[in-house]
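The sequence and model are shown first, and a description follows.

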Amino acid sequence: MTEPAVQLDQIAKRFGPFTAVHPTSLDIPAGHFVTLLGPSGCGKTTTLRMIAGLLDPTEGEIRVKGNRVNEVPIHRRNLGLVFQNYALFPHRTVEQNVAFGLKYRNVSKEEAKRRVADALSLVQLPELGHRYPRELSGGQQQRIALARAIVIEPDVLLLDEPLSALDANLREDMRVELKRIQDRLGITTIFVTHDQSEALAMSDQIVVMSAGRVEQVGPPEEVYNTPANEFVARFLGASNIFEGRVADATVDVVALDVPIFGVVPVPAERAQGLSNGEPAKLVVRAEKLKLARPGTDADGAVSVDGVVEAVDYQGQVARYFVRTGESLLQAVNMIDDHPFAEGETASVRLRPRDCAALPGNK
Amino acid sequence: MATVEARERRQPWILLSPALAAVTLLLFVPLLFIVVYSFWLRTATGADVVGFHLDNWQEALTDPFYRDILLFTLKIAAITTIVCGLMGYPAAYFIARAGGNRALLLLLLMLPFWISYIIRTMSWINILGVSGALNSMLLWLGIVDEPLQLLYNQTTVVLGLVHFLLPFMILNVYVSLEGIDRTLEQAANSLGATRWQSFLEVTLPLSLPGLAAGGLLCFVLSAGTYITPLVLGGPTDAMFANLVFEAIITQLNWPLGSALSLMLLAVLGVLVAIYNHFVGMSQLAKGFG
């Protein structure tokens, strides 16, 4: 086990009476791509700014490669920082922008030239060196900002919502591009976003934050499939959450008794910390809830009939809101053939192994 | 029936017309009168001779008296501009970075405009005059035995002009500093620049257009002033506008006064054109696309 590239040891940030980040500890292994994910105001950007040196933590210690950096000013931390609004120097050419950080590092002119050229070709814009930032598109500007941050060979790359200012298609291209560059350089990266699909697509580890606290840390699949709590379940994708009670907990299976579905046997690894008779919540992802024509074979799935109340047609998929009794269920399904229509009766089905269970409100 | 295009073409002119009318009636027409006047001739008997005479222009352009005062005027304007720049930039930077107090500081900056420029200029007499505040204090402290003659020299003229023009400089620099994205400095810092280096590399160059605009304003306004040298200057500190005042009001020599005022206008116009050309051509302005 090598030393983590970045360690947060009980760091907290308070602004007067307001606590932006409660004491938080986090180890970020070298070479990992770690995403701080959460809604606005959850403290993710504050955390990033503390690591960058733009904010001083009120308490706790930040270590980079094992060394405390709390007192190290930003210009000596050797971190690559990429901002949402690119922050390119408008009065400098692309080349001068990328070379900026090299001026403060003892790099010869020839080497600086070579490294700038390398960085520009890494971001696939080798031809644009003599242009000014305003002559570039948003996506190009963000690539240049990335080149400027990595050319100094930083210890850690910090990305503050770098894709949020781009439009949807470009954002997905840049996502792939950013991940490719990070893989290639093997650079430790901390990425801040509120966009769960970015987090899921790019990260080695996701740190889900809410109201200044870490809610869950884990690889994308783990955070997605076995959310630690209701907040994580709701924040990462649309989830249906049902109140119920543990009917029978064994080593392999935890059977949940949920009013509308009856007994649902959830695999034990997706239902930690539950024992017999306790209140519990059943979490079902919207895309794991399948609509079928009534009367067709349920194939071992738990099923309940409902009426489609609203259809949000998205081309490839449709989001359905289905009424069963008191509950409004959300289902995101691929469309084959033709989608269900509003007012139609559908059989809503779920496979117990796709569900997860959380402790309920006591 | 007018087409949409025709209507859209017409619209800017409709919106501009009140301003255009005002500029035409209040600026261009009087200016034309002055141009015409400058070719008339004043006679000893008092009645001006109408016609096309170059005598006034010849006098204005060849007499070294006028040339020297013009150069003196440009020198005072240049000194005032530099002093305003040196004093105004830090103040503007402070206001732009002041956070919550910005509105109050800007209000304080505007406050002097509520008092007439002439009264503000005269107020220096109460401070620097023989029986003014400063001399009284020096006498009381026993530092001097008799009042110092502090007023009526070049320095007080510059002082009065700086007092008048500093807010213009501060406002112009402030506006350009305000427009600079703060993350640019943070980006420079993250790349290894100290605060001072990032100021020199990023903030200063990006705020130069504001400094240039403020400088231009200070220069033109101080080169055209006649109240400040009148109130705070000595007998040898007359500036060019005082000559125009003298010719027109005192000597009632409108033709010569017209020629002199057009001369000042032309010189300042050329300077403004050079300045604009220079600022427009520089790399700095490019950043603002």
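Leaving aside residues up to four places away in sequence, A:Phe242 touches A:Val258, A:Ile260, A:Lys281 and A:Leu282; two residues are in contact if their C-beta atoms, placed from the backbone, lie within 7 Å. The model is a predicted one, in which local features need pLDDT of at least 70 and side-chain atom pairs count only at pLDDT 80 or more, while totals for chains, interfaces and linings use all residues. Residues are numbered from 1 along each chain as its sequence is written, and chains are lettered from A and ligands numbered from 1 in the order in which they are written.

A:Phe242 belongs to strand E11 (residues 239-249) of chain A. Helices (H or I, at least four residues) and strands (E, at least two) are DSSP runs, numbered from the N terminus. A:Phe242 is buried because 20 other C-beta atoms lie within 10 Å; the class requires 20 or more such atoms within 10 Å, exposed residues have 12 or fewer, and partly exposed residues fall in between, with C-beta atoms placed from the backbone. The C-alpha atoms of A:Phe242 and A:Thr35, which are 207 residues apart along the chain, are separated by 29 Å.

Most residues other than glycine have a negative phi. A:Lys65, however, has a positive phi of about 50 degrees, and A:Glu153 has a positive phi near 50 degrees. A:Lys65 sits in the loop between strand E4 (59-64) and strand E5 (67-68) of chain A, and is partly exposed, with 15 other C-beta atoms within 10 Å. A:Glu153 sits in the loop between helix H4 (138-150) and strand E7 (156-160) of chain A, and counts as partly exposed because it has 14 C-beta neighbours inside 10 Å.

**Chain B**

Chain B has 13 helices and two strands. Its radius of gyration, taken over C-alpha atoms, is 24 Å, whereas a compact globule of 289 residues would have a value near 19 Å, by the rule of 2.2 Å times the number of residues to the power 0.38. Buried residues make up 30% of the 289 residues in chain B.

| Span of chain B | Helix | Strand | Distance between end C-alpha atoms |
|---|---|---|---|
| residues 70-275 | 77% helix | 0% strand | 19 Å |
| residues 103-119 | 65% helix | 0% strand | 26 Å |
| residues 252-275 | 92% helix | 0% strand | 35 Å |

Within chain B, the buried residues of helix H3 (residues 64-96) include B:Ile69, B:Cys84 and B:Gly88. Among the elements that cover the buried residues of H3(B) are helix H4 (102-110) and helix H7 (154-178) of chain B.

**The contact between the chains**

The contact takes 20 residues from chain B and 19 residues from chain A. On the side of chain B that touches chain A, two or more residues come from each of helix H8 (182-190), helix H9 (195-223) and helix H13 (283-286) of chain B. H8(B) gives the most to this side, with seven residues.
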